[in-house]
Amino acid sequence: MKNVKTNAMRLLEKEKIGYELMTYEIVEGSMSPEYLAGQIGKDVLSIFKTIVTVGHSGNHYVFVVQLTEELDLKKAAKAADEKNIELIDQKDLEKLTGYVRGGCSPVGMKKQFRTFFDDRIGSFEKIVVSAGKRGFQIEADPKDLVRATRAVLTDIRKETKSIFR
């Protein structure tokens with residue numbers, strides 16, 4: 001493995017937060033949640049993605065949900081006390097966060113944005129998030145990640161409708 005140090009790793013080390021670095025091969029067009037989980041040897045449900053948004057006020061927010069889930073923009077707006085929230089334009093991601101699409105970590109962005117983790121992280125001993133570079137993931141205690149990002153835990157995932165409910 002290359003000697004890679006991302007802002008996310010530097011921040012975790014500065015805060016004396018332990019993490020495990022994992023790598024995976026990027027195969028364009030084959031990057032499904034199941035592919036990633038298989039590459040790093042982790043349960044797909046323990047892998048979380050980082051979503052950067054902008055509110056009606058112009059403020060930016062970071063939301064972290066399970067890789068297999070979708071962010072509920074209404075719940076996100078309510079959590080952030082905004083009239084509404086939308087996803088940022090992906091061309092603005094690197095300039096805003098310092099990270100590229102597919103390698104955006106909730107930890108160590110250029111600026112500390114208000115961050116919200118889906119409350120499901122409480123049921124995991126460890127969760128996986130991007131390490132801040134495509135092909136690299138970090139696994140850490142969710143309580144440590146919440147502390148490092150000064151995040152709030154809340155229900156922000158979109159509820160799926162089932163015909164069996």
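Here are a few friendly notes on the chain and on one of its residues, A76.

1. A word on the model: it is predicted, so to read along, note that local features need pLDDT of at least 70 and side-chain atom pairs count only at pLDDT 80 or more, while totals for chains, interfaces and linings use all residues. Residues are numbered from 1 along each chain as its sequence is written, and side-chain values use heavy atoms, with hydrogens and water left out.

2. The fold has five helices and eight strands, taken as DSSP runs numbered from the N terminus (helices: H or I, at least four residues; strands: E, at least two). Read from the N terminus, the order is α-β-α-β-β-α-β-α-β-β-β-α-β. The radius of gyration is 15 Å, close to the 15 Å from the globule rule for 165 residues, so the chain is as compact as a globular protein of that length; the radius is taken over C-alpha atoms, and the rule is 2.2 Å times the number of residues to the power 0.38.

3. Of the 165 residues, 47% are buried (under 20% relative accessible area, with a 1.4 Å probe and protein chains only). Among contacts (heavy atoms within 4.5 Å) with a separation of 6 or more, 62% join residues 24 or more positions apart.

4. Now to A76, which sits in helix 3, residues 73-79. Its relative accessibility is 0%, so A76 counts as buried. Leaving out residues up to four places away in sequence, A76 touches F63, L71, I85 and I156. For F63, 13 residues from A76 along the chain, the C-alpha separation is 7.7 Å.

Terms used. Buried means under 20% relative accessible area, exposed over 50%, partly exposed in between (1.4 Å probe, protein chains only).
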